[in-house]
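Here is a friendly walk through the spaces in this protein, its ligand site and a few backbone details. Keep the sequence and the 3D view open as you read.

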Amino acid sequence: MPDKRKHSGEVVAKKRFGQNFLHDERVLDRIVNESQVDKDTLVVEIGPGLGALTKRLCQKAGFVLAYEIDYTLIEPLKDTLQFYNNYELINKDVLTCDVEADIKKYRGNLSKVYLVANLPYYITTPIILGLLSTTKLITRYVVMVQKEVGMRICSKPKTKDYNALSLAVMYRANAKVLFDVDRHAFTPVPNVTSSVICLDLLKENKYELLSEGLFFKLIKEAFSMRRKTLVNNLSGYYDKELINKMLRDLKYKPAVRAEELGIEDFINMSNYFLKEKDIYKKAYSKVNLALEVMDTEGGYHKVNNLMAPIDLYDEMYFKYDDEIILEDNPYGDDNIIVKAAKAFKEAFGIKGGCKIICKKNIPAAAGLAGGSTDGATTLLGLCELYDINKKDKRIYDIAASLGSDVPFFLYNKIALCTNRGEVINTLDFDFKPIKVLLVKPELGLSTAAVYKEYKYDGSSKSDKINNIIDALKNDDIKSLKENIFNDLTTPALKLNADLNKMYNDINKTTTIFLSGSGPTLFIVDPNKTTVNKIKKEYKDIFIYEGLIKAKN
Ligand code: SAM
C-alpha cells in the first residue's frame with residue numbers, strides 16, 4: 001500500500017522515519033533566532049528532511065553538518081541547498097554515527113557547536129541522551145520534540161512530569177521549554193502538539209558523582225513504577241536491607257518516593273551504593289591447543305592461537321577507593337593490574353579509583369598467561385564496579401594495548417586468536433571438560449628469546465587446527481592428542497636443557513605439550529597411573545590437576 005502522506009506532490013513522507021515536515025515560516029525563523037546560531041557556529045542537524053530548516057541554518061551558521069537516514073531525500077535536499085556550500089550531508093542513521101568524530105572533522109576554526117533540529121520523535125530520547133553522554137562538544141541543543149516529552153525533559157522534582165529522563169538531562173544540562181508549536185505547522189499533520197526546547201550544557205561537571213553508570217541505572221530503577229516507594233522499586237536491584245540501611249544512613253524517610261528526590265539526593269545514593277559494592281572475580285588461566293607462529297610482520301609474529309580456558313585461577317577483589325591501590329604489589333606502576341586500572345580510569349573519565357587484591361594461584365612467567373588474565377579481569381571487575389558495559393569498545397582497546405593475549409580473557413571462552421593474538425574468534429560450541437595435568441619446571445625461559453629462536457618454514461597448519469576443533473566437537477580425545485601442536489616447542493626445548501630433558505622423559509610414556517612459550521608442560525586426559533608417577537617423580541615443582549573447558 002503506498003503511503004498517502006504526500007508532501008509537495010513528490011516526496012512521500014515516511015511514517016517509519018518520523019517524517020513530518022515543518023512548513024510554518026514563522027516557526028522555522030523562530031527556531032533559528034532562539035538558537036542564536038552565528039557564523040562562528042557549527043550546527044549539527046538531525047533529520048534535515050526537505051531542508052526547510054537546513055536552508056535557514058546555512059544562511060546563519062558557519063557550517064551545517066546534517067544527518068539524514070532517508071536516501072530518497074538527499075537529491076531534493078541538495079536541490080534546496082543549491083546556493084550554499086557550507087554544509088555536509090551524511091546519509092546515515094545518526095544513532096550509528098560517531099558524531100563527535102564528525103564534528104572534529106568538519107569543525108575547522110568554529111568556536112561553538114550547537115544541535116538544532118526538528119527531531120524524529122520515535123528516537124528523541126536515544127538521540128539526546130546518547131549525544132549528552134558521548135560528546136561535550138555540543139554545548140547547546142535547540143530541538144523540536146513532542147510536547148509531553150519536552151515537559152518531561154524540562155520538569156523539576158515534585159511535579160507530575162518529573163522522571164528519570166528529567167534527571168538524566170539535568171545531570172548534564174539546564175533545560176527549558178522555549179515555545180509550543182501547533183500540529184498544523186507540519187505536513188503531514190501529526191496527532192500531537194510539539195514544543196521547542198533548549199538544553200544548555202553545564203560548563204563543567206558540578207556534581208560529585210563517582211559512577212555515572214550506577215547513577216543512570218539507579219534513576220531508571222527508582223522511577224520504574226511511579227506509585228511505588230523507592231525501596232520497592234530498587235529491591236529487584238539491591239538487597240532490601242542495604243536499601244533500608246542507605247535510607248537510614250542518609251536520613252531519608254523509609255517510604256520516600258523517587259519523585260520527592262532531587263538530583264543531589266540521587267547522586268548521594270548512587271555514591272553510597274558504589275562504596276558498598278564488593279566485587280569478586282576469578283581470573284582464569286589457559287592452555288594453547290594450537291599455536292601456529294608465522295613470519296614477522298611490522299616487528300611482530302602473526303599467529304593462529306587456539307586457546308582454551310582452564311579452571312586454574314587467580315582470585316581478585318575490587319572495592320571502591322579514591323585512589324587506585326593494588327595490595328601487596330612489589331612492581332609499582334609496572335604491574336599489568338595497575339596499568340589496566342589506570343587506563344580504565346582515563347578512558348572513562350572516572351574521578352575515583354579502586355582497591356584491588358589479587359590472590360595469585362597461577363604461577364608467573366609460566367606460559368599460562370597469569371599476567372594477561374589479571375589485566376583483563378581487572379577491566380571486567382572495574383566494569384562491574386562502575387556499571388560500565390564490558391562490551392564497550394574501549395575495554396577491548398585497553399586490553400589489546402596491554403598485551404596480545406589480554407583480549408582473550410575478556411571472553412573466557414575457547415577461541416581462535418589471530419593476527420598478534422588480539423583478534424578473538426570465539427568458538428561457540430560446548431564440549432565436555434577434559435582433564436589436564438600441568439607441570440611447571442622451576443626454570444626461567446624468556447618469551448622474547450623463544451620467539452627469536454623460532455624459524456618459520458612457510459607451511460600451513462590450518463588442517464591440524466580444524467582437526468582439533470572437530471575433535472573437541474566430537475569429544476574425540478585420541479584425535480585431539482594427535483593434533484595438538486605448538487610451534488614454539490622446538491625453540492623452547494633447544495634453549496633450555498633441563499626443560500628438554502623433562503619433556504623427553506615424560507614423552508617416553510605419555511604425550512606432553514608445551515603451553516604458550518613455556519616452560520609449563522601439559523598432559524591431556526592423563527590416567528591415574530601417569531598422574532601419580534609424575535607427582536612422585538617431580539615433588540618440588542608446581543603440578544596442577546585441572547580441567548580444560550569450553551568456557552568458564
Ligand atoms: N527537519 C525537517 C523539517 O523540519 O521539516 C524534517 C524533520 S522530520 C520530523 C525528521 C527527519 O529525521 C526526517 O527527515 C527523517 O527522515 C529523519 N530521520 C529519521 N530517523 C533518522 C535517523 N535515525 N537518523 C537520521 N535522520 C533520521
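By class, the residues that line the largest cavity are seven nonpolar, two polar and one charged. In this count Ala, Val, Leu, Ile, Met, Phe, Trp, Tyr, Cys and Pro are nonpolar, Asp, Glu, Lys and Arg are charged, and the others, Gly among them, are polar. Before going further, please note that this is a predicted model, in which local features need pLDDT of at least 70 and side-chain atom pairs count only at pLDDT 80 or more, while totals for chains, interfaces and linings use all residues. Residues are numbered from 1 along each chain as its sequence is written, and side-chain values use heavy atoms, with hydrogens and water left out.

**The cavity**

The structure holds one cavity of 30 Å³ or more, and the space in the largest cavity is about 30 Å³. Its lining is made up of I324, A341, F344, K345, I350, G352, G353, C354, L382 and Y386. Two or more lining residues come from each of α12 (336-348), β15 (353-359) and α13 (370-386), and α12 gives the most, with three residues. Here helices (H or I, at least four residues) and strands (E, at least two) are DSSP runs, numbered from the N terminus.

A word on terms: on a 1 Å grid over the protein atoms alone, a cavity is a set of points where a 1.4 Å probe fits but cannot get out, whereas a pocket is an open set with protein on both sides within 12 Å along at least five of seven lines; lining residues have an atom within 4 Å of a point. Grid points are joined across faces, edges and corners, and a volume is the space filled by probe spheres set on the points.

The largest pocket holds about 1,600 Å³ of space. Of the 46 residues that line the largest pocket, S133, T134, R172, E212 and R394 lie nearest its centre. The elements that give two or more residues to this lining are α4 (99-106), α5 (124-134), α7 (164-170), α8 (212-222) and α12. With nine residues, α5 gives the most to the lining of the largest pocket. By class, that lining has 24 nonpolar, 11 polar and 11 charged residues.

The volume of the second largest pocket is about 1,200 Å³. It is lined by 44 residues, and A365, A369, G370, G371 and S372 lie nearest its centre. Two or more of the lining residues come from each of β12 (278-297), β13 (300-321), α12, α13 and α16 (447-453).

Which domains each give at least three residues to the lining of the second largest pocket? They are domain 3 (279-426) and domain 4 (434-548). The protein is also assigned domain 1 (6-201) and domain 2 (212-274), with bounds that come from an automatic or database domain assignment. Between the C-alpha centres of domain 1 and domain 3 there are 41 Å.

**The ligand site**

The ligand is surrounded by 23 residues, the closest being G47, E68, D93, N118 and Y122; a residue counts as near if one of its heavy atoms lies within 4 Å of the molecule. This shell divides into 12 nonpolar, six polar and five charged residues.

| Residue (backbone atom) | Ligand atom | Distance |
|---|---|---|
| G49 | oxygen | 3.4 Å |
| I69 | nitrogen | 3.3 Å |
| V94 | nitrogen | 3.0 Å |

Taken alone, the ligand exposes 600 Å², and the protein buries 99% of that. Accessible areas come from the Shrake-Rupley method with a 1.4 Å probe.

**Backbone details**

Two prolines are worth a look. The peptide bond from T187 to P188 is cis, with omega near -15°, and P188 lies in the loop between β10 (186-187) and β11 (194-201). G518 and P519 are also joined by a cis peptide bond, with omega about 5°; P519 is in the loop between β20 (513-514) and β21 (521-524).

Finally, turn to K251, a residue other than glycine whose phi is positive, near 65°. K251 sits in the loop between α10 (240-249) and α11 (263-276).

How values were computed. Polar contact = N/O pair within 3.5 Å; in protein donor to acceptor, adjacent residues only side chain to side chain.
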